[in-house]
Amino acid sequence: MTSLHSKVVFITGGARGIGAAVARRLSNKGAKLVLIDLDKAELAVVAAELGGDDRVLTAVADVRDLPAMQVAAKQAVERFGGIDVVVANAGIASYGSVLQVDPEAFKRVLDVNLLGAFHTVRATLPSLIDRRGYVLIVSSLAAFAAPPGMASYNASKAGNEHLANAVRMEVAQLGVDVGTAHMSWIDTALVRDTKADLPAFGDLLAALPWPLNKTTTVDRCASAFVKGIEGRKDRVYCPGWVGLFSWIKPVLFTRIGQLPVRKISAGLLPRMDAEVVTLGRFTSAYNEDFVKP
């Protein structure tokens, strides 16, 4: 296992949820942190908690903006001498089926989740090469099994998996290791907000076959991420059973494999779309404020 003491870890989406939880665990292991987010106030709270300027650098930057990410990476190198680990974690979701969702909301999810991961890797890769570092790109179980009503999220997370696969082959000879993280439902604001905004989504989740209907804590997810970083793993799964779905993925995309979820979604997806119309927005209120064009 790689010691993370004094290693410099660059985390996008670092102000809340999984990103902040990973930062806390890494701080306890002696890592220096570079936290990127759009929420300046939340970044300040996390930075103060984890030791302030001596061990934490924060940057308000949009992962959709490559020059901004390059500036953040440059600041990290200037402050701490380099970057050893990158966690491309920033992510959002949209509401509604392909027929219902606002096309701009759909595009924003791809821009943040997929293009944002590319920008994160592109901006930090020179330093990672110098330090023979490790990058973890956050994908999802949605890359293996695509739930209805989340097409933009599914597409972005499948793209993240293949982005990582390509980068892994490109930089292996340079001493850089690349991993992907695949999680089921995690008790983050993304899941909680969606349940609160769209009751049909909560009903859909509850009706899924076991273990797809189970939600995992953020702390358990953060623990899996940190173990993956320490082991420089190609794949990080949380919970562990998610790894089984990577092997049966071809079956999941057949009519037979999709049948259980198709039966559930037949009644619930129209309800969900109706709730989106009533809600009057296509993402959570929090993301609506922070991720507008």
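Analyst: Start with the largest cavity, which holds about 70 Å³ of space. Its lining is made of 13 residues. Closest to its centre are Ser94, Tyr95, Met150, Thr194 and Phe201. The model is predicted, so side-chain atom pairs count only at pLDDT 80 or more, while totals for linings use all residues. By class, nine of the residues lining the largest cavity are nonpolar and four are polar. No charged residue takes part in that lining. Helix α6, residues 189–197, gives the most to the lining of the largest cavity, with three residues.

Two packed helices are described by the angle between their axes and the distance between the axes. For α6 and helix α7 (residues 199–207), the angle is about 115 degrees and the axes are 4 Å apart. On the α6 side, the contact uses Val191, Thr194, Lys195, Ala196 and Asp197. On the α7 side, Pro199, Phe201, Gly202 and Leu205 make the contact. Sorted by class, the contact of α6 with α7 has five nonpolar, two polar and two charged residues. Thr194 and Phe201 take part in the contact of α6 with α7, and both are listed among the residues closest to the centre of the largest cavity.

Now the second largest cavity. Its volume is about 50 Å³. Again 13 residues form the lining, and those closest to the centre are Ala88, Asn89, Ala90, Asn113 and Ala117. Two elements give two or more residues to this lining: α4 (103–131) and α5 (151–171). Of the elements, α4 gives the most to the lining of the second largest cavity, with five residues. The class make-up of the second largest cavity is six nonpolar, six polar and one charged. In total, the structure holds four cavities of 30 Å³ or more.

How do α4 and α5 pack? Their axes come within 8 Å and cross at roughly 20 degrees. Angles under 35 degrees count as roughly parallel, so α4 is roughly parallel to α5. The crossing of α4 past α5 is right-handed. From α4, the residues in contact are Phe106, Val109, Leu110, Asn113, Leu114, Ala117, Phe118, Val121 and Leu125. From α5, they meet Ala151, Ser152, Tyr153, Ala155, Ser156, Lys157, Gly159, Asn160, Leu163, Val167 and Val171. The contact of α4 with α5 divides into 14 nonpolar, five polar and one charged. Asn113 and Ala117 of α4 meet α5, and both are among the residues closest to the centre of the second largest cavity.

Helix α1 (residues 17–28) and helix α8 (residues 218–230) pack at an angle of about 60 degrees, with their axes 9 Å apart. That angle makes α1 oblique to α8. The crossing of α1 and α8 is right-handed. Gly17, Ile18, Ala21, Val22, Arg25 and Leu26 are the α1 residues in the contact. Their partners in α8 are Val218, Asp219, Cys221, Ala222, Ser223, Phe225 and Val226. By class, the contact of α1 with α8 has nine nonpolar, two polar and two charged residues.

Next, the loops beside these helices. Most residues other than glycine have a negative phi, and most peptide bonds are trans. A cis peptide bond joins Trp210 and Pro211, with omega of about 5 degrees. Pro211 sits in the loop between α7 and α8. A cis bond also joins Cys238 and Pro239, where omega is about -10 degrees. Pro239 belongs to the loop between β7 (235–238) and α9 (242–247). Ser6 is not a glycine, yet its phi is positive, at about 70 degrees. Ser6 is found in the segment before β1 (8–12).

Last, a contact across the sequence. Lys249 lies in helix α10, residues 249–252. In sequence, Lys249 and Ala145 are 104 residues apart, but their C-alpha atoms are 7.0 Å apart in space. Not counting residues up to four places away in sequence, Lys249 touches Ala143, Phe144 and Glu161.

Key: Residues are numbered from 1 along each chain as its sequence is written. Side-chain values use heavy atoms; hydrogens and water are left out. On a 1 Å grid over the protein atoms alone, a cavity is a set of points where a 1.4 Å probe fits but cannot get out, and a pocket is an open set with protein on both sides within 12 Å along at least five of seven lines; lining residues have an atom within 4 Å of a point. Grid points are joined across faces, edges and corners, and a volume is the space filled by probe spheres set on the points. Ala, Val, Leu, Ile, Met, Phe, Trp, Tyr, Cys and Pro count as nonpolar, Asp, Glu, Lys and Arg as charged, and the others, Gly among them, as polar. Axes are lines fitted to C-alpha atoms, for helices over the stretch in contact, and angles run from 0 to 180 degrees between N-to-C directions. Angles under 35 degrees count as roughly parallel, over 145 as roughly antiparallel, 65 to 115 as roughly perpendicular and the rest as oblique. A crossing is left-handed if the near helix is turned anticlockwise from the far one by less than a right angle, and right-handed if clockwise. Contact means heavy atoms within 4.5 Å.
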